[in-house]
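The entries follow the order in which I looked things up.

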Amino acid sequence: MELQFFKYQGTGNDFVIIDNRQDIFPKNNTKLVAELCDRRFGIGADGLILLENDNVSDFKMVYYNADGAESTMCGNGGRCLVAFAHYLGVIEEKTTFNAVDGLHKATVEGDIVNLKMIDVDKIHEKQNHSFLDTGSPHHVQLVKELKQFDVQKEGKKLRYGIYGASGSNINFVEQTSDNAFDVRTYERGVEGETFSCGTGVTAVALAMHESGKTAANEVHIHTIGGDLTISFEKKEGKYSNVFLKGPAIQVFKGTIECSI
C-alpha cells in the first residue's frame, strides 16, 4: 500500500499526519503506527495523527503515541492538525474540531495556531509537585539547573514509580521571570524526552499559577523546541478559556510503501 503523509512540527514536537477522510488508514494496526513513527526505519515522529470527518464539527482528531497506542489529547498535535486542515482547505481562519477529550476551538494566523484547551477544575498539590489533567495527565515539578537535569533518568523513575503502567507525563520546570518558565518533558508513549509538549506546558502554566509562583494570566514557556504562550482565566477555583498559542509548521510531505 502506498500511503501519502505529511510531516508537521510544533516547537519541535513532530507528527506524521494523514488525511483519513476516506477511511483509508488501518486504525487498529498499532504495529504500522509504530513503524511509521520510528526515527530509523520509518518517517520519524513523536506521534501519528489522523484527520477524519465528523458529524458535529469541522473534523475529528485521532491521535496515536509513537509506540502505536491510541492516546489522550496532544496539544501541539492539535495545533498541527489545525494547520493541516487549513492547508487542505477544510477550514479557514477559525475552526471547531472534535478530539478524544471533546470539542476544541482554534484560530490560524500565518504559522501561528491558538488552540483552546479543556477547562481544569482540579489541581492536586503535593509536597514537591503538582498533578493535573489538561487533556492528558501531567506531573509538574520545580527543579534547579534544568539544563543539566537528567530528564530521561528522573522522568522514567517518576513515570513508572508513582504512576504505574497507565503512566503520566513528567514535566520539570525552572522559573526564569515573574511569568516565564523553562520546561523539559518526559512523555509517556514516547518513553523519553520530547522537544516540547503542548498539554505539558499548559499544565505547567496552570500549576505555577495555582501554587502562587506567578500571578499572571498569560504565561510564557520556553522549551527545547521553541516558545509557547498559555493564557487563561480563573474563577471560583476553575481554570477556563485556556489557550495554547505557538507555531505549527509543515516540514515536508511524501509517500511511503507499507504493508497492512
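Basis. I worked from a predicted model, in which local features need pLDDT of at least 70 and side-chain atom pairs count only at pLDDT 80 or more, while totals for chains, interfaces and linings use all residues. Residues are numbered from 1 along each chain as its sequence is written, and side-chain values use heavy atoms, with hydrogens and water left out.

Fold. I looked up the secondary structure and found four helices and 17 strands (DSSP runs: H or I of at least four residues for helices, E of at least two for strands).

Dimensions. I noted a C-alpha trace spanning about 50 × 40 × 25 Å along the principal axes. The radius of gyration is 18 Å, which agrees with the value near 18 Å for a compact globule of 260 residues (taken over C-alpha atoms; the rule is 2.2 Å times the number of residues to the power 0.38).

Of the 260 residues, 51% count as buried (under 20% relative accessible area, 1.4 Å probe, protein chains only).

Cysteines. I found zero disulfides (cysteine sulfur atoms within 2.5 Å). The sulfur of C197 is 6.5 Å from the closest cysteine sulfur, in C74, and therefore too far for a bond. C74 is buried at 6% relative accessibility, and C197 is buried at 4%.

Technical notes
Buried < 20%, exposed > 50% of the residue type's maximum accessible area, 1.4 Å probe, protein only.
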